[in-house]
Amino acid sequence: MTGAARAALTALAAVTALALLIGGAAPAGASPGAAGADLPYAASTGVGVHNAYDKNKYAYFADALDSGAAMLELDVWTNFFGNSWRVSHDNPFGNDSNCENATTPAQLRTKSRNQNLAGCLSDIRSWHDAHPGHRPVVLKLELKDGFAANLGRGPAELDALLASKLGDALYRPGQLAAGHSDLDTAARAGAWPGRAAMAGKFLVELIPGTLEEGNANDTLWTDREYAMHLRSLASAGRLSQAAAFPAVHRAEAGDPRARYADASLWPWFVVFDGDASAYAGGGIDTAWYARNGYLLIATDAHAVAPAIDGVHPTEAQALDRVRLMAQRHASIASSDWYPLPSVLATVVPRGL
């Protein structure tokens, strides 16, 4: 993106910022017109919900989708002798989720819950079909124990599952990279579409899971394994088959991709995910992410000093925190503010 183009976007953002902050919530399932539709996707800041599959937060995943949130998180297990991609916080053997495997919009909120990832994706597709042109949504998948390619649950199998369930509702790495050599080159060239063009799309983000990161015997984490997968697909001319974006997990100063000894993986990371307090603390140049067109997911936004309630802050407190994280160049400010749909649906210009 040229300097003139960036200046124009900044001017546009300045003009629309106040209106978005005051009235920014869009109705559940609506197109993003009332919530920053004319902003470039990478130049906007939305609000995410941690562990949106939790039945204590939403009775059904369709309710989470109705919330207006810009990001919804799912925890996924692959190992422990199971035969599917299981959705649960701490049970690796079974499913504990608000997903119901609805295959049509009419089935939403009518079926038994505790379904696996395929069931969650069916719900998402059914909701998508009932809400054409809905806001763009990041689906954040934490692979609690990583991939298990030896059990038929590796990167290629995840691509196939996402494609089979979500199909044209996915925004894929190949779409961002179109006409560019890799994701990094595309992002730095300003290739992200506008929010209006992203209407009706889901972007899948992958992060390593807590068990995976704590397992000294696991030397191939989700982030690196999926980046290797993207690199291989691109080499074979098959990047269009990829369905997800790997994220560099945990905040740190400088270019966090330097942790990967194989520098050929770096161009396949354009999503970064870490603690909001670290990003807001002043020790990390978060403007670097915005300048390069990278998405920055800031978790536990409520814990940034001075901390506010992680579930039940006032609406004013939560909106102030969203504005602060936007100023710190976050693309998503994530917390557990599920009781505040007007906050979840808020979209503000990034960097202002």
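Reader: Which residues make the nonpolar surface patch of about 480 Å²?
Author: In this predicted model, the patch of about 480 Å² is made by Phe80, Phe81, Phe93 and Leu211.

Reader: And where does Phe93 lie?
Author: Phe93 lies in the loop that runs between strand E3 (86-87) and helix H3 (117-130).

Reader: Is Phe93 buried or exposed, and why?
Author: Phe93 has a relative accessible area of 56%, and because exposed means over 50%, Phe93 counts as exposed.

Reader: Changing topic, how many aromatic pairs turn up in the whole structure?
Author: A search of the whole structure finds 14 aromatic pairs. One of them joins Tyr171 and Phe245, whose ring centres are 6.3 Å apart and whose planes stand at 0°, so this pair is stacked.

Reader: Where are Tyr171 and Phe245 in the chain?
Author: The pair links distant parts of the chain, with Tyr171 in the loop between helix H4 (155-166) and helix H5 (173-177) and Phe245 in strand E6 (residues 245-249), 74 residues apart.

Reader: Are those two buried or exposed?
Author: Tyr171 has 5% relative accessibility and therefore counts as buried, and Phe245, at 1% relative accessibility, counts as buried too.

Reader: Which residues form the aromatic cluster?
Author: One aromatic cluster is formed by Phe272, Tyr279, Trp288, Tyr289 and Tyr294.

Reader: One last thing, what sits over the ring of Tyr60?
Author: Over the ring of Tyr60 sits the charged end of Arg113, at 5.5 Å from the ring centre.

Terms used
Residues numbered from 1 in each chain as written. Predicted model: local features only at pLDDT ≥ 70, side-chain atom pairs only at ≥ 80, totals over all residues. Heavy atoms only, no water. Patch = residues over 30% accessible without salt bridge, like charges linked within 9 Å, V, L, I, M, F, W, Y side chains within 5 Å. Areas by Shrake-Rupley, 256 points an atom, 1.4 Å probe, with all protein chains shown as cover. Salt bridge = Lys/Arg side-chain N within 4 Å of Asp/Glu carboxyl O. Helix = DSSP H or I, 4+ residues; strand = E, 2+ residues; numbered from the N terminus. Buried < 20%, exposed > 50% of the residue type's maximum accessible area, 1.4 Å probe, protein only. Phe/Tyr/Trp six-rings, centres within 6.5 Å; stacked < 30°, edge-to-face > 60°. Lys NZ or Arg CZ within 6 Å of the ring centre and 35° of its normal.
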